[in-house]
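Please have the sequence and the structure in view as you follow it.

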Amino acid sequence: MFLDSDLLLSALRALTPILLAALGGAICERAGVFNIGLEGMMLMGCFTAVATSWFTGSAWLGVLAAALAAAAYSLILAVGAVTLRGDAVVLGVAMNLLAVGLTGFLLRTVFGVQGTFDDPSLAGLPLIGGFTPLTYLSWAAVAVAAVLLSRHVWGLRLRGVGEAPDAAATLGVSPVTYKYGAILTSGVLCGLAGAQLALGNVTLFTENMTAGRGWIAVVAVMLGRAAPVGVLLAALLFGLAEAAGFRLQGLGLPQQATDAAPYVVTLVALFLTTARRRRRIRPSGAAS
């Protein structure tokens, strides 16, 4: 049977890194910063988690280091886009490219290998009920983000900064502070996503191991309209697509075809969403 409980469990495991990164992107979006550097932040988190876990023998220190490293890496976007008023899209693309080259260089420099580092002594995250603690943390983060953005004063101010920064400034709210906070938070969440991917889903590091998951997280933010619950549903769709791809691979389909499943779903979802929005806009345009 193709659809069963094992497929759902696999989808939930695939969901976690995408969901954590997408929540970070959603928080940035609410602050008025379009963050497409999620892929690069995740990749930095992957490498840092593996390197720290291997040197210290502690997966939890690896998780902490991954969160801190990705947050520090996110400062490139914060300084460039907020302080220097650069183009956030250009900076995000540059961060993604830099992360691929930098982690590949560090892989050869630190571990003396090329392509993949895999060691039996590498400590991975423990499993509780079939999932790592970061999986449960990602679900809790959805609820916390939903409450903060809709009811808490910090979340309301963050949304105000994203929608009308000049008006927020006249009320004594610092747009720069909130945008920095949003970007740093997204860095922490992307670091946790990278740690989950490298120490939870697998226990190794391979070059460019995020394999487009950061870009899928960006699409999840767009499909979910930067709302935590919407982002969760969009990320779950991609998690199901990835799990289905693995299942189809086990049934004999070529790996290249099954690996493309999440990205095909991404393109179809974007097409359907764009078509729906155009249909909504067209009548109002015709009426005017």
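The dialogue below takes up a helix, some backbone angles and some aromatic rings in this predicted model.

Q: What span should helix α2 have, and how far apart are its end C-alpha atoms?
A: The reasoning takes 1.5 Å for each residue, so the 19 residues of α2, residues 38-56, should span 27 Å, and the end C-alpha atoms agree with this at 26 Å apart.

Q: How many of the residues of α2 are buried?
A: A residue counts as buried when its relative accessible area is under 20%. In α2 this holds for 16 of the 19 residues, so the helix is largely enclosed by the rest of the structure.

Q: Where does arginine 85 lie, and is it buried or exposed?
A: Arginine 85 is in the loop between α3 and α4, and its relative accessible area of 73% makes it exposed. Its phi is positive, near 60°, although the residue is not a glycine.

Q: Which parts does the pair of tryptophan 54 and phenylalanine 117 tie together?
A: Aromatic rings count as a pair if their centres lie within 6.5 Å, and the count here comes to 10 aromatic pairs. The rings of tryptophan 54 and phenylalanine 117 have centres 5.5 Å apart and planes at 85°, so this pair is edge-to-face. Because tryptophan 54 lies in helix α2 and phenylalanine 117 in strand β1, the pair ties together parts that are 63 residues apart in sequence. Tryptophan 54 is partly exposed at 31%, whereas phenylalanine 117 is buried at 7%.

Conventions. Residues numbered from 1 in each chain as written. Predicted model: local features only at pLDDT ≥ 70, side-chain atom pairs only at ≥ 80, totals over all residues. Heavy atoms only, no water. Helix = DSSP H or I, 4+ residues; strand = E, 2+ residues; numbered from the N terminus. Expected span 1.5 Å × (residues − 1). Buried < 20%, exposed > 50% of the residue type's maximum accessible area, 1.4 Å probe, protein only. Phe/Tyr/Trp six-rings, centres within 6.5 Å; stacked < 30°, edge-to-face > 60°.
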